[in-house]
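Colleague: I am new to this structure and would like to learn how to read it. Could you take me through some features, one at a time?

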Amino acid sequence: MKFIIIFGPQAVGKMTVGQELEKITNLKLFHNHMTIELVSPYFSYGTPQGKRLVSLFRQEIFEEVAKSNLPGLIFTYVWAFDLKEDAEYIGKISDLFTSQGGQVCYVELEADRAERLTRNRSPHRLLHKATKRNVEWSEQDLLDSMKKHQLNSTPGEFTHEHYIRINNTNKSPEAVAEAIKKRFDL
């Protein structure tokens, strides 16, 4: 089993790349907003209840997939490298899959700020992420997060054997998905 974690800042293209990767592999996509959008009609993700429920649903899905006969899973995540709890979370879910004999592959996406701001308003993103439809709020959140957190690793900081970093500012999601498929022999 392969567990592909696609991480990077907001609006970098994680979900869209994951959708393309799902099309060309036998892996299923579980993008991070699937649980956020499930919970948000009841509790905002920023509330303790929202965070607890999102975490609970994700964990249950991870556990079931890890022990299943599925060939693997693609998961997307905004990883703040300056937050110890984010690294611990990635370690915890990675360990869940490796403990069941799976291989964890890390895909880091980066894109320049102007491109991310454009993508933040894309109809495709807004279709799949209702909580981002208040574009003024989501744009400000994106900008604030850039100031507050380190959302990409520094060169050489992430050294896992099964890792690829892609600047997708000027690359199509299809090209990025092909590069990931080739790198990890999916």
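This is a predicted model: local features need pLDDT of at least 70, side-chain atom pairs count only at pLDDT 80 or more; totals for chains, interfaces and linings use all residues.

Colleague: Is Phe75 buried or exposed?

Modeller: Buried means under 20% relative accessible area. Phe75 has a relative accessible area of 0%, so Phe75 is buried.

Colleague: Asn32 was among the residues that Phe75 touches. Where is Asn32 placed?

Modeller: Asn32 is in the loop between strand S2 (28-30) and helix H2 (33-39). Its relative accessible area is 10%, so Asn32 is buried. Besides Phe75, Asn32 touches Arg58, Thr76, Tyr77 and Val78, again not counting residues up to four places away in sequence.

Colleague: Now the nonpolar cores. How many residues does the largest nonpolar core have?

Modeller: That core has 21 residues, and those with the most contacts inside it are Phe3, Ile5, Phe62, Phe75, Ile93, Phe97 and Tyr106. At least two core residues come from each of strand S1 (2-7), helix H3 (48-66), strand S3 (72-77), helix H4 (84-98) and S4. H4 gives the most, with 5 residues. Apart from this core lies another, of 18 residues, including Ile74, Cys105, Ala177 and Phe184.

Colleague: What does Phe97 touch, not counting residues up to four places away in sequence?

Modeller: Phe97 touches Met1, Phe3, Phe62, Val65, Ala66, Leu73, Gly102 and Val104.

Colleague: How do the axes of H3 and H4 cross?

Modeller: They come within 9 Å and cross at roughly 25°. Angles under 35 degrees count as roughly parallel, so H3 is roughly parallel to H4. On the H3 side the contact is made by Arg58, Gln59, Phe62, Glu63, Val65 and Ala66, and on the H4 side by Tyr89, Lys92, Ile93, Leu96 and Phe97.

Colleague: And the aromatic rings? How many aromatic pairs does a search of the whole structure find?

Modeller: The general idea is that a pair of aromatic rings is described by the distance of the centres and the angle of the planes. Here the search finds 15 aromatic pairs. In the pair of Tyr106 and Phe158, the ring centres are 5.1 Å apart and the planes stand at 65°, so this pair is edge-to-face. The pair links distant parts of the chain, 52 residues apart: Tyr106 is in strand S4 (residues 103-110), and Phe158 is in the loop between helix H7 (135-148) and strand S5 (163-167). Both Tyr106 and Phe158 are buried.

Colleague: Why is the pair of Phe158 and Tyr163 called tilted?

Modeller: Their planes are at 45°, with the ring centres 4.7 Å apart, so the pair is tilted. Tyr163, with a relative accessible area of 16%, is buried, and Phe158 counts as buried at 15%.

Colleague: Which residues do ring pairs link into a cluster?

Modeller: The cluster links Phe3, Phe30, Phe62, Phe75, Tyr77, Tyr89 and Phe97. That list brings us back to Phe75, the residue in strand S3.

Colleague: What lies over the face of Tyr45?

Modeller: Lys51 does, at 5.7 Å from the ring centre.

Key:
Residues are numbered from 1 along each chain as its sequence is written. Side-chain values use heavy atoms; hydrogens and water are left out. Rings of Phe, Tyr and Trp (its six-membered ring) pair if their centres lie within 6.5 Å; planes under 30 degrees apart count as stacked, over 60 as edge-to-face and the rest as tilted. Helices (H or I, at least four residues) and strands (E, at least two) are DSSP runs, numbered from the N terminus. Buried means under 20% relative accessible area, exposed over 50%, partly exposed in between (1.4 Å probe, protein chains only). A charge sits over a ring if NZ of Lys or CZ of Arg is within 6 Å of the ring centre and within 35 degrees of the ring normal. A nonpolar core is a set of buried Ala, Val, Leu, Ile, Met, Phe, Trp, Tyr and Cys residues joined through side-chain atoms within 4.5 Å. Contact means heavy atoms within 4.5 Å. Axes are lines fitted to C-alpha atoms, for helices over the stretch in contact, and angles run from 0 to 180 degrees between N-to-C directions. Angles under 35 degrees count as roughly parallel, over 145 as roughly antiparallel, 65 to 115 as roughly perpendicular and the rest as oblique.
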